[in-house]
Amino acid sequence: MQFIANGPDIPEALLQAHEDGRVVFFCGAGISYPAGLPGFGGLVDAIYLHTGTTRTDIEQSAYARGQFDATLDRLAVRAALAKALKPKLRRKGATETHSALLQLARSREGALRLVTTNFDRVFQHVAKRDKQSFNAFAAPMLPIPKNSRWNGVVYLHGLLPLGTDDSALHRLVLTSGDFGLAYLTERWAARF
């Protein structure tokens, strides 16, 4: 079924699964590009800028190979994240995708099933602006979708705290060590 001229053809089975509440929307960094937020390489650059440091030879070598998580492993970065991930919400189109996803990811009954690997709070901004609310599940405290019917936005790699909360910043999945804990050792992200 096509909803707009020359738009994608959406299979009836997918539409029915969505109506039945069996579709989960999964999104990553690309949805926040219009709000001026960077990809992983740009995030590394911004963190170096905000910390006032330059890359060592070892860090530069990892960076040149596109190993951004290894680059960050070598730098104390957590405090600079909030500055590096401050969205430019007044940019044209900055929140359109977030707004659309908050609408599309709702079932007929109103249950929201959205997963993001982003740390930013653009979904919260959009919900507040549009007078919506939703449950937010931030790593590592995630629902278990196989055993429950969760309703809300799952921040699979964590959510930036509103204030300066060092322990919350260290729960973010940012570096290769964090990925190892989330997906291999503690496995809470892999279980989700």
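Which residues in helix α3 (residues 57–64) are buried? Keep that in mind while we set up the view.

This is a predicted model, so local features need pLDDT of at least 70 and side-chain atom pairs count only at pLDDT 80 or more, while totals for chains, interfaces and linings use all residues. Residues are numbered from 1 along each chain as its sequence is written, and side-chain values use heavy atoms, with hydrogens and water left out.

**Stop one: helix α3**

Select residues 57–64. Helices here are DSSP runs of H or I with at least four residues, strands are E runs of at least two, and both are numbered from the N terminus. Now pick out E59, A62 and Y63: these are the buried ones. Buried means under 20% relative accessible area, exposed means over 50%, and partly exposed is in between (1.4 Å probe, protein chains only).

Turn the view so that you look down the axis of α3. The buried residues fall within an arc of 100 degrees, so they line one face of the helix. Step just past the end of α3 and click on G66, which takes a positive phi of about 75 degrees.

**Stop two: R108 and its partners**

Next, select R108 and E19. They form a salt bridge, with their closest N and O atoms 3.1 Å apart. The term covers a side-chain nitrogen of Lys or Arg within 4 Å of a carboxyl oxygen of Asp or Glu. R108 sits in the loop between α6 (96–104) and β2 (113–116), and E19 in helix α1 (residues 12–19), so this pair ties together parts that are 89 residues apart in sequence. R108 is exposed at 53% relative accessible area, and E19 is partly exposed at 36%.

D20 lies in the loop between α1 and β1 (25–27), so its pairing with R108 links parts 88 residues apart in sequence. D20 is partly exposed, at 34% relative accessibility.

**Stop three: R129 and D130**

Finally, jump to R129 and D130, whose salt bridge has its closest N and O atoms 2.9 Å apart. R129 is partly exposed at 40%, and D130 is partly exposed at 31%. The structure holds five salt bridges.

Definitions and conventions: Arc of directions from axis to C-beta.
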